[in-house]
Amino acid sequence: MLSSNITRDPGGALRFAGQSVPELARLYGTPLYLMDEDRIRFNCRLYLDAFRSAFGDAALPLYAGKACAFKQMYRIMAEEGMGVDAVSRGEIYTALKAGFPAERIWFHGDGKTDEDICYALDSGVGFFVVDGFEELEALNREAGARGVRQKILLRVTPGIDPHTYEAVNTGRVDVKFGVPIGTGQAYDFVRAALACSHIELCGLHCHVGSMVFDESVFEDTADVMFAFMRELKDGLGYVTGTLDLGGGYGTRYTEADKQADIPGRIAFLAAHMRALAAKTGLPMPFILMEPGRSIVADAGLTVYTVSAVKRIEGFKSHVIVDGGMTDNPRYCLYRAHYTVLHAEREAGETAVFDLAGRCCESGDILQPAVTLPADIKRGDLVAVCTTGAYNYSMASNYNRLGRPPVVMLRGGERFVAVRREGLDELCALDE
Ligand SMILES: *Cc1c(COP(=O)(O)O)cnc(C)c1O
């Protein structure tokens with residue numbers, strides 16, 4: 001199977017995190033997001049242990065909450081000792097409501113409003129990751145008005161192409177995030193931050209993209225960053241205390257994808273950075289990384305009930321389910337690949353179908369050309385694997401569909417972490 005938390009029992013029924021998927025579907029209904037909490041914690045510890053052995057105490061992994069954010073996720077992150085990267089008031093609010101410590105929140109985003117800045121200052125978030133000059137000025141003003149000195153990192157753009165999909169490629173010079181090093185603007189950005197009396201510049205942040213499998217992306221990024229750090233020391237006398245290398249390690253969505261050896265990659269990256277520190281004569285900075293997908297993706301599985309099967313002789317056939325682009329827009333957005341399985345039995349004779357959603361868009365496809373039992377029919381259960389990242393967090397109410405519940409699976413037990421959005425909730429804001 002794709003991931004060790006997906007198995008089948010002898011009768012062919014799918015099991016996820018050791019629990020029967022058909023039974024969970026009967027209990028909670030479909031569409032249904034299942035999340036394997038043990039896997040989430042395992043993935044956190046993979047990073048925490050790898051960081052500890054590679055960097056000692058001078059490093060911290062931050063969970064990128066945008067991958068999947070609800071209160072239970074933040075409780076897990078608090079218990080595991082992770083930091084958190086938040087990109088909106090909503091994510092900060094959710095984290096604080098869950099009891100996550102404000103000082104371990106890094107506040108990201110390229111479009112922070114004055115309201116966002118004030119909210120985060122008043123909440124006491126640990127760090128702002130400042131994305132541009134206007135934000136720097138607004139933050140300095142608001143921090144000054146409160147008589148505080150806010151800790152920040154500056155987001156800079158190293159100009160690295162991670163060779164991943166266009167929509168998740170964020171390191172090139174001309175992306176909308178951060179301030180580019182290559183044009184000299186990042187140097188001026190650092191100088192401007194050092195001149196702000198209500199801001200404490202703690203270091204630099206960069207994030208070059210998502211779904212990174214290319215072996216040398218982070219090492220190439222570190223090369224650019226250390227050269228820039230040396231330039232800052234020579235020109236401004238500024239020694240970078242913290243270096244945040246962003247998120248981005250890839251996850252296995254299909255059998256064809258590689259499995260990223262994350263602890264191995266981190267050990268290699270740490271050795272590379274120590275060599276860079278020695279070569280540039282700089283102290284090794286405190287290291288942050290911001291994994292999102294690689295913490296939660298393989299902890300998720302979505303279950304649907306088949307509503308219809310349309311077979312057209314000589315043309316494509318469709319299996320239509322009771323969810324779609326509203327609970328998983330990733331094929332529509334990125335042409336993302338997924339593994340799709342029948343949840344009740346192993347396929348004997350198979351056929352190829354497009355797995356389609358129920359939305360009024362012909363583009364509402366969850367995955368094209370999937371192999372399923374040839375006799376699949378209305379009422380059967382289908383599972384889409386590896387849906388823990390960027391599914392629940394990207395879900396919408398298009399066509400006035402309620403979002404599915406999230407059921408957590410932990411140590412053989414199960415509990416609802418997010419309730420199903422019902423009809424009353426859909427009208428809750430309507431006057
Ligand atoms: C999206 C994002 C991440 C997380 O990326 P993953 O690919 O989910 O690991 C981390 N940092 C920043 C700034 C991001 O935009």
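# Calls and cut-offs

Me: What makes G411 count as exposed?
Reply: G411 has a relative accessibility of 61%. Exposed means over 50% relative accessible area, buried means under 20%, and partly exposed is in between (1.4 Å probe, protein chains only). At 61%, then, G411 counts as exposed. Bear in mind that this is a predicted model: local features need pLDDT of at least 70, side-chain atom pairs count only at pLDDT 80 or more, and totals for chains, interfaces and linings use all residues. Residues are numbered from 1 along each chain as its sequence is written, and side-chain values use heavy atoms, with hydrogens and water left out.

Me: Where is G411 found?
Reply: In the loop between β20 and β21 (413-418). Strands are DSSP runs of E with at least two residues, helices are runs of H or I with at least four, and both are numbered from the N terminus. From G411 to A383 it's 28 residues in sequence and 21 Å in space, C-alpha to C-alpha.

Me: Why is R400 called partly exposed?
Reply: R400 comes in at 46% relative accessibility, so it counts as partly exposed. R400 sits in the loop between β19 (381-385) and β20 (406-410). Its phi is positive, near 55 degrees, and R400 isn't a glycine.

Me: And what makes A17 partly exposed?
Reply: A17 has 22% relative accessibility, so it gets that label too. A17 lies in the loop between β2 (14-16) and β3 (19-20), and its phi is positive at about 50 degrees even though A17 is not a glycine.

Me: How do you know that S294 is buried or exposed?
Reply: S294 has a relative accessible area of 9%, so it is buried. S294 belongs to helix α10 (residues 293-296). Setting aside neighbours within four places in sequence, S294 is in contact with N43, Y47, Y249, G250, T251 and I262, where contact means heavy atoms within 4.5 Å.

Me: What makes the S294 and Y47 pair a polar contact?
Reply: Their side chains are joined at 2.7 Å. A polar contact needs a pair of N or O atoms within 3.5 Å; within protein, one must be able to donate a hydrogen and the other to accept it, and residues adjacent in sequence count only if both atoms are side-chain atoms. The 2.7 Å pair of S294 and Y47 therefore qualifies.

Me: Which ligand pairs are listed with E290, R293 and Y390?
Reply: An N or O atom in the E290 side chain is 2.6 Å from a ligand nitrogen. A backbone N or O atom of R293 is 2.7 Å from a ligand oxygen. In the Y390 side chain, an N or O atom is 2.5 Å from a ligand oxygen. Taken alone the ligand exposes 380 Å², and the protein buries 93% of that.

Me: What is the peptide bond from T30 to P31?
Reply: Cis, with omega near -10 degrees. P31 is in the loop between α1 (21-28) and β4 (32-36).

Terms used. Accessible areas come from the Shrake-Rupley method with a 1.4 Å probe; for residues, only the protein chains shown count as cover.
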